[in-house]
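Please read it alongside the sequence and the structure shown here.

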Amino acid sequence: MNNESHSIEQLKGRTIVIDLSSLYVIVGTLIGQDQHYLTLENADVHDLRDTATTRELYVHDIGIHGVAANRKRILVSRTEVVSLSALEDIID
């Protein structure tokens, strides 16, 4: 297991925030991974084109109000991920 996989594995079972290279932000519980995908459940796939809210404000609001899941389970392509972190690591 490489260092990157080890770090992601430490987030398993936690609510994470994923910033994608597209205009999407995904928040959900990380339940698994492989070389191509991250698997999340109870996820909110949020298209920033549908709102005037910024990424930062959207994530801040989730920290206050919780995740409004719109997907039971999703696969996220690792090639699209710009950053990911635990929700509790987001700084206000």
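Glu88 is exposed, with a relative accessible area of 54%, and in this predicted model its side chain meets that of Arg14 in a salt bridge, at 2.3 Å from N to O. The pair links distant parts of the chain, since Glu88 lies in the segment after strand E5 (81-86) and Arg14 in the loop between helix H1 (3-9) and E1, 74 residues apart.

**Salt bridges**

- Arg14, the partner of Glu88, counts as partly exposed at 29% relative accessibility.
- A search of the whole structure finds 5 salt bridges, including one in which the side chains of Asp47 and Arg49 meet at 2.8 Å, N to O.
- Asp47 counts as buried because its relative accessibility is 11%, under the 20% cut-off, whereas Arg49 is exposed, with a relative accessible area of 55%.
- Lys12 and Glu9 also meet through their side chains in a salt bridge, at 3.7 Å from N to O; Lys12 is partly exposed at 44%, and Glu9 likewise counts as partly exposed at 31%.

**Helix H2**

- The buried residues of helix H2 (residues 55-65) are Tyr58, Val59 and Ile62, and because they cover an arc of only 95° around the axis, they lie on the same side of H2.
- An α-helix has 3.6 residues a turn, so residues three or four places apart point the same way.
- Strand E1 (15-20), strand E2 (24-33) and strand E3 (37-47) are among the elements that cover the buried residues of H2, while the face turned away from that buried side carries the exposed residues Glu56, Gly63 and Ile64.
- Just after H2, Gly66 takes a positive phi of about 95°.

Terms used: Residues numbered from 1 in each chain as written. Predicted model: local features only at pLDDT ≥ 70, side-chain atom pairs only at ≥ 80, totals over all residues. Heavy atoms only, no water. Buried < 20%, exposed > 50% of the residue type's maximum accessible area, 1.4 Å probe, protein only. Helix = DSSP H or I, 4+ residues; strand = E, 2+ residues; numbered from the N terminus. Arc of directions from axis to C-beta. Contact = heavy atoms within 4.5 Å. Salt bridge = Lys/Arg side-chain N within 4 Å of Asp/Glu carboxyl O.
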